[in-house]
Amino acid sequence: MAEAHSSEWAFVLAATARVAADLDLAEDCVQDAYAKALVHWREQGVPRRPGAWLTTVATRRALELRRRADVAQRKLPLLVPEPAEDSVEVFPDDRLRLVFTCCHPALAQEAQIALTLRLVCGLSSAEIAKAFLVKEATMQARITRAKHKISRSGIAYRIPRLADLPERIDAVLDVVHLVYTAGHTAADGAELTRPDLARRGLDLARMVRLLLPDSGEAAALLALLLLTQARQAARVDDAGQLVLMEDQDRSVWDRSLIDEGLALIHEALGWPAGRFGLMAAIAAVHAEAERWEDTDWSEILGLYDLLLARWPSPVVALNRVVALSYVEGPSAGLEALRSLADDPALATYPYLASTRAELLRRTGRWDEAAAAYEEALAFTSNAVEAEFLTRRLRRGA
Amino acid sequence: MGKYLVMIYDNEAAWAAADPSVAETNHKNHQAFAEANGAALRGGAQLGESSTATSIRSDGSGGFVVTDGTFVETKEVMGGYYLIEAADLDEALSIAKQVPSPMGGVEVRPIINGG
């Protein structure tokens, strides 16, 4: 049942939403179908196609409720075909409709993320609230507001028009990326990661890649997440302490994820590299280095230059500084860091101070490095990262 | 199909500082917009500048307070509008993107009742 929930939810809800023409109604019907399945499957066994079974039950209920509402309001009965098991064709397009609706740019990005986790991944408001450290009532209100806007403002349950498609795909990929990164390094708390959120992000990336086979960026995003996820087990040691990539045991890196990611990148090479294409290429350079010393930093620096030229952002600029410091040395890195120091977007960004600290440490300017570690600590809310910074401080003292 | 109000918000100071030819071009652009989107247009108008606005608030006890000026003080004020009909928000947005608004932008709101 749990498996049917995570693997079939998006299928079932997406198809039901098309029939129900109402997201709330669709959600109720799908939840109802899962409840029925709980009883039915125990008695009769799991059907050959659980998703089709659930979709049939949920859409039938949706049609019934809609017909009832229509009779009550308009006295116009709908002709309801009797769906039998396996007769409902579940087009993957329905999931695409659902994803594009959840990630509509007319919705605030935090609402897009919440809706996607709720409607596409089937997470409860409580689970989403916990993942983003807000009160459940706040998350519930955010989701309700977003659904209300969808129906009131006429956000259609459809695949965007061709002219809008690139922009709309970007919005979807951004949401998937943000879900993953929120899981990859938790903004707060005792654990470095939120593995469940990272897994949902990866699942979403796989789904979007499947639904948008012609999008190079969708392939690139999946590759990026696979290559990042591959290093997951090596990021924390047995004692729960953060391990920088420099010190990671690369034999722990997940080879099968790396192979899958690299294959996707090679497949995507023909496309003009987009934002995620370049980020994936950077991750690939790391993945292909057998040892830290083998890392091709010139290649990485070149990729960051391309990234920065087309999608300038202070965070990318900061990462470029790190690459530069391995090509031209830590002093050159410190020099380049100066222009970023006053960027208001980075004012409370802990990685700005920690990058400066690392560069100062590598040039042997320990007193200044210690001050920078202290500064980074002040902005870090993740306990594992804070512990790492404290260790660095102690080691130098 | 639904109806949407496209409200044009402008920085009046920018308009006041602009060369008259900018307003002339803008006028022509609006005519071109109206011609190109005639099928979707249900109405539209240019409003007098905000200095001509009068606001009325009910005083809570059956009376009114009438004041000079716009309802909300903002740098960008509503200078005109179009009422359009569109299949969905995406279509409404694609029409709204064509509305000339060189000194600001537009806000799109669905019409819920009437219109």
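The coordinates come from a predicted model. UniProt, in an unreviewed entry, assigns residues 3–112 of chain B the annotation "domain: YCII-related".

Chain B contains 3 helices and 6 strands. Read from the N terminus, the order of its elements is β-α-α-β-β-β-β-α-β. The C-alpha trace of chain B extends about 45 × 40 × 15 Å along its principal axes. Of the 115 residues in chain B, 18% are buried. Contacts in chain B were also sorted by sequence separation. Among those between residues at least 6 apart, 78% join residues at least 24 apart.

An open sheet of 4 strands is present in chain B, with the order β2-β5-β1-β6. The pairing is antiparallel. Its edge strands are β2 (41–46) and β6 (104–110) of chain B, and each of them pairs on one side only. From one strand to the next, the twist averages 20°.

Strand β1 (residues 2–11) and strand β5 (residues 76–86) of chain B run antiparallel and are joined by 10 bridges. B:Tyr9 has B:Met78 in β5(B) as its bridge partner. B:Asn11 stands opposite B:Glu76, also a residue of β5(B). Towards β6(B), β1(B) forms 7 bridges, and these two strands again run antiparallel. Here B:Met7 has B:Glu107 in β6(B) as its bridge partner.

A helix packs on this part of the sheet. Helix α3 of chain B, residues 89–96, lies across β1, β5 and β6 of chain B. The direction of α3(B) makes an angle of about 130° with β5(B).

The two chains touch. In the model, 6 residues of chain B are in contact with 9 residues of chain A. On the chain B side, the residues that touch chain A comprise 3 nonpolar, 1 polar and 2 charged residues.

Chain A also carries a UniProt annotation. The feature "domain: RNA polymerase sigma-70 region", from an unreviewed entry, is placed at residues 12–70 of chain A. This span is 88% helix and 0% strand. The C-alpha atoms at the ends of residues 12–70 of chain A lie 23 Å apart.

Further along chain A, helix α16 covers residues 350–363. Its 14 residues reach 20 Å from the first C-alpha to the last. That is close to the 20 Å expected at 1.5 Å a residue. Buried residues in α16(A) include A:Leu352, A:Ala353, A:Ser354, A:Thr355 and A:Arg356. A:Ala357, A:Glu358, A:Leu359 and A:Leu360 are buried in α16(A) as well. An α-helix has 3.6 residues a turn, so residues three or four places apart point the same way. After α16(A) comes A:Gly364, with a positive phi near 85°.

Conventions. Residues numbered from 1 in each chain as written. Chains lettered and ligands numbered in written order. Predicted model: local features only at pLDDT ≥ 70, side-chain atom pairs only at ≥ 80, totals over all residues. UniProt positions renumbered as here; feature names shortened; annotations may be inferred. Expected span 1.5 Å × (residues − 1). Buried ≥ 20, exposed ≤ 12 C-beta atoms within 10 Å, placed from the backbone. Pairing = 2+ DSSP bridges. Axes fitted to C-alpha atoms, helices over the stretch in contact; angles between N-to-C directions. Contact = placed C-beta atoms within 7 Å. Nonpolar A, V, L, I, M, F, W, Y, C, P; charged D, E, K, R; others polar.
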